[in-house]
Amino acid sequence: MRIDIITVLPELLESPFNHSMMKRAKDRGLLDIQLHNLRDHTPYKQGQVDDYQFGGGAGMVMMPEPLAVLLDKLKAERNYDEVIFMTPDGKLFDQKAANSLSLKKNIIIICGHYKGIDDRIRQHYVTMEISIGDYVLSGGELGAAVVVDAVGRLLPGVLNDETSALFDSFQDDMLAPPVYTRPADFRGWKVPEVLLCGDPKKIDEWRYQQSLERTKERRPDLLNEQ
Ligand code: ADE
């Protein structure tokens with residue numbers, strides 16, 4: 001999968017993709033992340049990419065021209081399945097959206113800044129608008145990092161234990177069960193007996209019940225969605 005990210009702050013996105021699973025995904029050739037500094041594509045002087053908004057009001061707006069120039073260039077090079085704009089008024093990102101994006105081949109993610117981007121770019125280029133939560137970030141970069149991480153770890157071959165993504169929280173509209181590791185007795189706090197019994201059927205049943213209880217207690221809205 002190839003992900004092109006358009007940003008005015010590429011430095012912000014260098015570290016998140018160079019460690020752990022995202023690094024592994026890149027090293028294994030499963031994920032190709034290309035960062036594009038919008039300032040390198042502006043026809044305006046001194047790398048200008050934003051301007052005052054028509055009609056007045058506080059805050060600058062990202063101009064259409066630099067974005068259109070870069071988007072046209074990328075789209076001429078290959079077909080893109082989605083052009084995503086990170087914005088607090090987009091659709092709330094969830095595991096289902098991550099699953100569905102992980103099936104795409106090429107996507108572009110535009111990170112907004114200031115007051116956002118000129119709406120004509122949203123109307124004529126953007127195919128999907130994503131919010132990572134009901135709060136306003138200072139730019140789309142951290143949101144883009146969240147989306148790429150959630151999607152990248154789902155690509156076949158990224159997780160070492162191929163099945164483990166299936167048991168993530170949210171994968172069946174349920175939260176994950178509690179987990180334990182050695183020692184079985186830590187300061188007198190014991191691991192639930194059933195996990196040591198060696199009977200996979202009993203363990204699966206216990207995990208399912210724990211998931212259900214956790215979800216009922218913490219996120220009953222997930223169960224109501226089914
Ligand atoms: N840009 C600013 N706030 C955002 C949010 N909540 N989600 C995605 N992109 C954003």
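## Terms and basis

A residue is called buried when its relative accessible area is under 20%, exposed when it is over 50%, and partly exposed in between, with a 1.4 Å probe and protein chains only as cover. Cys111 is buried, at a relative accessible area of 0%.

The model is predicted: local features need pLDDT of at least 70, side-chain atom pairs count only at pLDDT 80 or more, and totals for chains, interfaces and linings use all residues. Residues are numbered from 1 along each chain as its sequence is written, and side-chain values use heavy atoms, with hydrogens and water left out.

## Overall layout

The chain has 226 residues, and buried residues make up 42% of them. Along the principal axes, the C-alpha atoms fill a box of roughly 70 × 40 × 35 Å. Eight helices and nine strands are found in the chain; these are DSSP runs, with helices (H or I) of at least four residues and strands (E) of at least two, numbered from the N terminus.

Two domains are assigned: domain 1 covers 2–152 and domain 2 covers 169–224. Such bounds come from an automatic or database domain assignment. Taken over C-alpha atoms, the centres of domain 1 and domain 2 are 37 Å apart.

## Surroundings of the ligand

Which residues are around the ligand? They are Met86, Thr87, Pro88, Ile130, Ser131, Ile132, Gly133, Tyr135, Val136, Leu137 and Gly139. By class, the shell has seven nonpolar, four polar and no charged residues. For this count, Ala, Val, Leu, Ile, Met, Phe, Trp, Tyr, Cys and Pro are nonpolar, Asp, Glu, Lys and Arg are charged, and the others, Gly among them, are polar.

A backbone N or O atom of Tyr135 is 2.8 Å from a nitrogen atom of the ligand. For a polar backbone atom of Gly133, the distance to a ligand nitrogen is 3.1 Å, and for one of Thr87 it is 3.2 Å. On its own the ligand has 260 Å² of accessible area, of which the protein covers 96%. Accessible areas come from the Shrake-Rupley method with a 1.4 Å probe; for residues, only the protein chains shown count as cover.

Ser131, one of the residues around the ligand, is found in strand E7. Ser131 counts as buried, at 2% relative accessibility. A polar atom of the Ser131 side chain lies 3.0 Å from the backbone oxygen of Gly133.

Asp118 lies in the loop between strand E6 (106–111) and helix H5 (119–124). With a relative accessible area of 14%, Asp118 is buried. The side chains of Asp118 and Arg120 are joined by a polar contact of 2.7 Å.

## Backbone geometry

Most residues other than glycine have a negative phi, and most peptide bonds are trans. Gln46, which is not a glycine, has a positive phi of about 55°. Gln46 sits in the loop between strand E2 (32–37) and strand E3 (50–52) and is exposed, at 82% relative accessibility.

Arg187 also has a positive phi, near 55°. The loop between E8 and strand E9 (189–190) holds Arg187, and Arg187 is exposed, with a relative accessible area of 66%. The peptide bond from Arg182 to Pro183 is cis, with omega near 0°. Pro183 is in the loop between helix H6 (141–152) and strand E8 (185–186).

## Cysteines

How many disulfides are counted? The count is zero, where a disulfide is a pair of cysteine sulfur atoms within 2.5 Å. Cys197 is partly exposed, with a relative accessible area of 40%, whereas Cys111 is buried.

Definitions and conventions:
Near = heavy atom within 4 Å. Polar contact = N/O pair within 3.5 Å; in protein donor to acceptor, adjacent residues only side chain to side chain.
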